[in-house]
Amino acid sequence: MQHESLPTRVLADVGSIKALAHPLRLALIDLLGQHESITAADAARILGTTAANCSFHLRQLAKYDFVEAVEVPSRREHPWRLKYLGITVADDAGELTSGFNALAEQMIATVVERFRAYRRFVSDLSLDWREVSGIHEGTGWLTVDELRALDRSFGHFATLAAARTHGYETIPPEARRVDIAKLVSPLDSPHEDD
């Protein structure tokens, strides 16, 4: 299967966005993004909570169509897996704004924590990995079309990474798990000149 055709989901409803904004649910989605499937008990051990708590939140994620149970006849406890290899949140104004803001805060906190963890072992990485890791930030002028091109390029690599995690693509021997995040923030309000 080509990774460009793997299922992704655009969130554009308040209920789904709010369901995902819960810290443990976001942690479970993140954990499932790193494994093909995982049981509630295994997730609990990794996340430092109870299996009952993980089970409840996995069922809630299933209710909102983020995950699905994997039926394994020989096991008492079934594992869970993601239904989509990528999730995009629509940042529309109006009723979605508060849910989007809550979810964005959770996602940013996760990215910052991962970056802090990486900084603790960065000196152990090879020069090649240090050259391509870290913060790459810039401020300047771009058009909507240029940002769309950036979005397509980012989406390609994010989907490729997810496809490798879930067995749709072969993982090259020199590959490492990485966290990549794209934050695009227009700096000038359209109302500043009013």
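Biologist: Which residues of α4 are buried?

Modeller: First, this is a predicted model, where local features need pLDDT of at least 70, side-chain atom pairs count only at pLDDT 80 or more, and totals for chains, interfaces and linings use all residues. Residues are numbered from 1 along each chain as its sequence is written, and side-chain values use heavy atoms, leaving out hydrogens and water. Buried means under 20% relative accessible area, exposed over 50%, and partly exposed in between, with a 1.4 Å probe and protein chains only. By that cut-off, the buried residues in α4 are C54, H57, L58, Q60 and L61.

Biologist: What span does α4 reach from its first C-alpha to its last?

Modeller: Helices here are DSSP runs of H or I with at least four residues, strands are runs of E with at least two, and both are numbered from the N terminus. α4 covers residues 51–63, 13 residues in all. The expected span is 1.5 Å times one less than the number of residues. For α4 that gives 18 Å, and the model comes close to it, at 18 Å.

Biologist: Which elements do the buried residues of α4 pack against?

Modeller: Contact means heavy atoms within 4.5 Å. On that basis, the partners include the strands β2 (67–69) and β3 (80–82). The helices on the list are α1 (14–20), α3 (40–47) and α2 (23–32).

Biologist: Why call α2 largely enclosed by the rest of the structure?

Modeller: The buried residues of α2 are L24, R25, L26, L28, I29, L31 and L32. α2 is largely enclosed because its buried residues number 7 of 10.

Biologist: Is R25 buried or exposed?

Modeller: R25 lies in helix α2. Beyond residues up to four places away in sequence, R25 touches A19, F56, H57, Q60 and L61. With a relative accessible area of 11%, R25 is buried.

Biologist: What is the relative accessible area of L28?

Modeller: L28 is in helix α2 too. Leaving out neighbours within four places in sequence, L28 is in contact with A43, L47, C54, H57, L58 and L61. L28 is buried, and its relative accessible area is 1%.

Biologist: How far apart in space are P23 and T110?

Modeller: P23 is another residue of α2, and it is partly exposed at 47% relative accessible area. P23 and T110 are 87 residues apart in sequence. In space, C-alpha to C-alpha, their separation is 9.4 Å.

Biologist: Zooming out, in what order do the elements run?

Modeller: The protein has 7 helices and 4 strands. Buried residues make up 26% of its 194 residues. Starting at the N terminus, the order is β-α-α-α-α-β-β-β-α-α-α.
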